[in-house]
Amino acid sequence: MASCSTFNLSPSPKPTKPLPHSLLKPLIQEPETESRTQIQTPYPKLIITGPSKLSGHVPISGSKNSALPILAATLCCSGTSKIHNVPNLFDTRTMASVLASLGAKVEVFNNEMLVNTDGVDSVEPNSDEIRKIRGGFFVIGPLVARFGEAVVALPGGCNIGTRPVDLYIRGLQALGAVVDLRDGKVQAYAANGRGLVGGSFQLDYPSVGATETLMMAACMADGMTVLSNVAREPEVVDLARFLNDSGACVEGAGSNQLVIKGKPLLHGSECVIAADRIEAGTFMLAAAITRSCISISPVIPCQMSCLIHKLSAAGCKIRQYSHDTLEVSAVSRCGGENLQSFEVKTGPYPGFPTDLQPQIMALLTTCNGLSPVEESVFDKRMGHVSELLKLGAKIQVCASTALVFGKDNGSVLSGSSLVANDIRGGMSLVLAGLAAEGTTDISGVAHIDRGYENLDMKLHSLGADVKRLMPLAS
Ligand code: EPU
């Protein structure tokens, strides 16, 4: 196999031994200072010349948001876990570094990761790595469950609103952990000095990350755990499948209640990361906004039903060719030149995914009519609006709702200079750039690269005119 690299990091200060309990003071009331992924460099830039017509087929990569918790879950397993179809992205590479900073052996072969956590000798992952992504924080669950304690910095991630970790903390407390927040780090240890114990916990909100973290912790807690009002996202189901294949006993994944029987230790297993439903949805929207016809695979069509429903109502034709292939057509013979407006309200699965809200908003600027778009998951996920306005879109934001005025109400997209500030908001600018007349240049592309593997190559293969401008070598 080609291009094999083994992470063997020497992270900045980390204890080689777990912190003694005496250093972990009782809970103090300290304001949560959450750092965010800071990627402000002007280069690389994407230069898009539109309007584009796309055609052909695009392969969908493995899901970033399935890969991250599954990589964290290898901390529950003895021996080697073999994870296939891991997208090669900043976030998955950062998660590999997080595991390596704990003493795990992580080998990367193209889209495959082999993780062996038998040599873990620390319960404090490198804080700089944790602060780069949201998913790094997930390790707190398996660490405290397996080793009795964990010290994990507050996470980073996209700047899309308040992203507290209170549900993680309260859930771990319900499983017998004492949790303390100090110096921007969450310190947790098993109150009985041995390990976590099964318990019941109801989440106030079905948080994806809290559900995944508590599921991992409960897999190794002593006894039975019942988690209610949990997230039902496909990524939660993928994680449960990996844990069960590794010897865990998780029932109810995909429903709003999980019943988990703890085991002392799981064993490594093999898994294939499922296709990324958000990348799939983004390419479906690329076909719609450019009034083109493309096919995508692999995709799990039932996971896409909200988006399929919206696109069909707008006037697109969606055909399923095989169990995992969809064709999206918005070309004029289907009446696609005049797509109609529709309403969007994001919500936890099976609601409309917040991770497609910015991209569908770009599409709505090209439809006829007025479209209200309500963001109900994150409180600040409208950062892309100011950039879409620079292209000529007409959008008014009032609290958590954006009113998108379609092309018959004056939205006419033409090229401009834009800045991407987060993964999905950045991708909405790429979609709008494909539809806009003239040249659009987008900086802050590193944000977009965090969620889309081989983006330029995939867009080229569909016929888009996209160039990447790299910084000049000094
Ligand atoms: N929340 C709390 N307390 C908590 C945790 C969450 O109040 O302890 C709130 C958040 O403030 C937010 C809501 O719950 O308002 C939803 O957050 P959630 O915890 O479900 O999101 P997450 O686990 O941090 C994951 C994905 C996000 C995706 C959301 C929602 C990963 C690594 N990230 O984040 O993906 O938007 O679920 O589906 O799995 C992306 O890929 O671009 C991305 C942001």
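Okay, before the first slide, one definition: two strands pair if DSSP finds at least two bridges between them. We'll need that for the sheet. And keep in mind that this is a predicted model.

So, the sheet. Four strands make it up, it is open, and the order is β20-β21-β23-β22, with mixed pairing. The edge positions go to β20, residues 344–345, and β22, residues 394–398; each has a single partner strand, so one side of each has no neighbour in the sheet. Then there's a helix on it: α10, residues 357–364, packs on the sheet and touches β20, β21, β22 and β23. Its direction makes about 170° with that of β21.

Let me zoom in on one pair. Strands β21, residues 370–374, and β23, residues 401–405, run antiparallel, with five bridges joining them.

Now over to β22, where I395 sits. Is I395 buried or exposed? Its relative accessible area is 9%, and buried means under 20%, so I395 counts as buried. What does I395 touch? Leaving out residues up to four places away in sequence, the list is M361, T365, V385, L388, L389, A402, L403, V404 and F405. As for P372 and I395 themselves, they are 23 residues apart in sequence, with 9.6 Å from C-alpha to C-alpha.

On the α8 side the contact is made by I278, T282, L285, A288 and I289, and on the α10 side by Q359, I360, A362 and L363. Remember that an α-helix has 3.6 residues a turn, so residues three or four places apart point the same way.

Next slide, helix α1. It covers residues 64–73, and S66 is in it. α1 is mostly covered, with nine of its 10 residues buried. Those are K64, S66, A67, L68, P69, I70, L71, A72 and A73. At the N-terminal end there is a cap from S63: one of its side-chain oxygens lies 3.3 Å from the backbone nitrogen of N65.

P298 lies in the loop between β17, residues 293–297, and α9, residues 305–314. There's also a cis peptide bond joining Y349 and P350, where omega is about 15°. P350 is in the loop between β20 and α10, and β20 and α10 are the strand and helix that touch each other in the sheet story.

Then the positive phi values. D183 is not a glycine, and yet its phi is positive, about 50°. You'll find D183 in the loop between β9, residues 177–182, and β10, residues 185–190. D183 is exposed, with a relative accessible area of 63%. N229 has a positive phi too, near 55°, and is likewise not a glycine. N229 belongs to the loop between β12, residues 224–228, and α7, residues 234–245. How exposed is N229? Partly exposed, at a relative accessible area of 26%.

Last slide, the whole chain. How many helices and strands are there? The count is 14 helices and 26 strands. The chain has 474 residues, and buried residues make up 59% of them. Looking at contacts between residues at least 6 apart in sequence, 76% join residues at least 24 apart. The accessible surface comes to about 17600 Å², and 53% of that belongs to carbon and sulfur atoms.

That's my last slide, so over to you.

Note on methods
Residues are numbered from 1 along each chain as its sequence is written. This is a predicted model: local features need pLDDT of at least 70, side-chain atom pairs count only at pLDDT 80 or more; totals for chains, interfaces and linings use all residues. Side-chain values use heavy atoms; hydrogens and water are left out. Helices (H or I, at least four residues) and strands (E, at least two) are DSSP runs, numbered from the N terminus. Contact means heavy atoms within 4.5 Å. Axes are lines fitted to C-alpha atoms, for helices over the stretch in contact, and angles run from 0 to 180 degrees between N-to-C directions. Buried means under 20% relative accessible area, exposed over 50%, partly exposed in between (1.4 Å probe, protein chains only). A polar contact is a pair of N or O atoms within 3.5 Å; within protein, one must be able to donate a hydrogen and the other to accept it, and residues adjacent in sequence count only if both atoms are side-chain atoms. Accessible areas come from the Shrake-Rupley method with a 1.4 Å probe; for residues, only the protein chains shown count as cover.
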